[in-house]
Structures are given as C-alpha cells and as structure tokens.
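This report describes the architecture of one protein chain for a reader who is new to structural analysis. Please consult the sequence and the structure shown below while reading.

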Amino acid sequence: MFFVKRAQKTKNGAVNLQNIHSVFFSPTETTRMVVQAVVRGITKSPACEQDITLHTFPPGRQLFDKDELLIIGAPVYAGRIPGLATRRLKRLHGNRTPVIAITVFGNRAYDDALLELCDQCTAQGFSVIGAG
C-alpha cells in the first residue's frame, strides 16, 4: 500500500524544495536500502542522511522547515514500530514540513505501524504527503 498527497506548489506550479533529508531506523540495513531507493527515485542529488539506529544520533531537537522534504523509514516488528525508533523520532519536528513515511516489514502484516508513524509525524508538525 502506498499513497501520495499532492505537494504544495508555488505560483508557477513548481514544487519548491530546498533540501531532502532521509532519517531511518534500520538494525538490519533493509530499511536503509528502501529509504535510499525512494530518495534515488525522487532526486539525483544526495540527501542529508541520518541513521537513528545507533547512539550516535545527535541529541536534542531537530527542526525541519516547510521547504524541505523528509523521508522517514522504520521497520515493523510484530505489527508495531520499535519503541526505541519511536522515542528517537520524537526529536524531529516540522514546520508543515512535507514527509514521506515508510514502514518495512518481513513475513508478517504491518498492522497499524504505518498509521502510527503517520500520526506521530503529524503530531510533530509534519505534513504527510506519502506513505507506504
């Protein structure tokens, strides 16, 4: 399942994005590969990449603006986003920043994990324009 909402356009009809950021929690590297594939499908330019899997994730709050695009990826374990990923994602905040939420799962259904990730993004000031 994947949905996309129309991005806000400028007066001349172009979407104006200054930076593309990817943030992912990927203990087995699969989520990282999926997020990187989505980034490559959107732009040929490199995205600012943040791996929040390890303790090296920068402390404190991070704010993204409305002219940036954030692609967030997380795995699904037993139908849920891992608690550690959820806690680390709480450091990210948007200012109507467009976001694409991605959940990656194996042999089991993803249940409400995608909805949880989208709800968390919305609560933190992001505008979900795509999810899958």
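Two residues are said to be in contact when they have heavy atoms within 4.5 Å. The chain examined here is a predicted model, in which local features need pLDDT of at least 70 and side-chain atom pairs count only at pLDDT 80 or more, whereas totals for chains, interfaces and linings use all residues. Residues are numbered from 1 along each chain as its sequence is written, and side-chain values use heavy atoms, with hydrogens and water left out.

**Overall organisation**

Helices (H or I, at least four residues) and strands (E, at least two) are DSSP runs, numbered from the N terminus. The chain contains 3 helices and 8 strands, and its elements follow the order β-β-α-β-β-β-α-β-β-α-β from the N terminus on. A residue is buried under 20% relative accessible area, exposed over 50%, and partly exposed in between (1.4 Å probe, protein chains only). Of the 132 residues, 43% count as buried. Among contacts between residues at least 6 apart in sequence, 82% join residues at least 24 apart.

**A β-α-β unit**

Strands β2 (residues 19–24) and β3 (residues 48–51) pair in the parallel sense over 4 bridges; pairing requires that DSSP find at least two bridges between two strands. Within this pair, His21 stands opposite Cys48 in β3. Together with helix α1 (residues 30–42), these two strands form a right-handed β-α-β unit.

Thr31 is located in helix α1, and Thr103 lies in strand β7. Thr31 counts as buried because its relative accessibility is 2%; Thr103 is buried as well, because its value is 7%.

| Residue | Relative accessibility | Contacts |
|---|---|---|
| Thr31 | 2% | Phe24, Phe25, Ser26, Gly73, Ala74, Pro75 and Val104 |
| Thr103 | 7% | Ala74, Val76, Ile81, Ala113, Leu114, Leu117 and Gly132 |

**Nonpolar cores**

A nonpolar core is a set of buried Ala, Val, Leu, Ile, Met, Phe, Trp, Tyr and Cys residues joined through side-chain atoms within 4.5 Å. The largest such core has 23 residues, and Leu70, Ile72 and Leu92 are those with the most contacts inside it. At least two residues of this core come from each of β5 (68–75), α2 (83–89), β7 (97–104), α3 (113–123) and β8 (126–131). Helix α3 supplies the largest share, 5 residues. A second, separate core of 10 residues includes Ile20, Ile102, Val104 and Ile129. Leaving aside neighbours within four places in sequence, Ile72 is in contact with several residues, among them Val23, Leu89, Leu92, Ile102 and Cys121.

On a 1 Å grid over the protein atoms alone, a cavity is a set of points where a 1.4 Å probe fits but cannot get out, and lining residues have an atom within 4 Å of a point. Grid points are joined across faces, edges and corners, and a volume is the space filled by probe spheres set on the points. The count is 1 cavity of 30 Å³ or more, and the largest cavity has a volume of about 40 Å³. Ile72, Leu89 and Leu92 are among the residues that line the largest cavity, as are Gln120 and Gln124. Helix α3 provides the largest share of this lining, 3 residues.

Technical notes
A crossover is right-handed if, with the strands pointing away from the viewer, the path from the first strand over the helix to the second runs clockwise. On a 1 Å grid over the protein atoms alone, a cavity is a set of points where a 1.4 Å probe fits but cannot get out, and a pocket is an open set with protein on both sides within 12 Å along at least five of seven lines; lining residues have an atom within 4 Å of a point.
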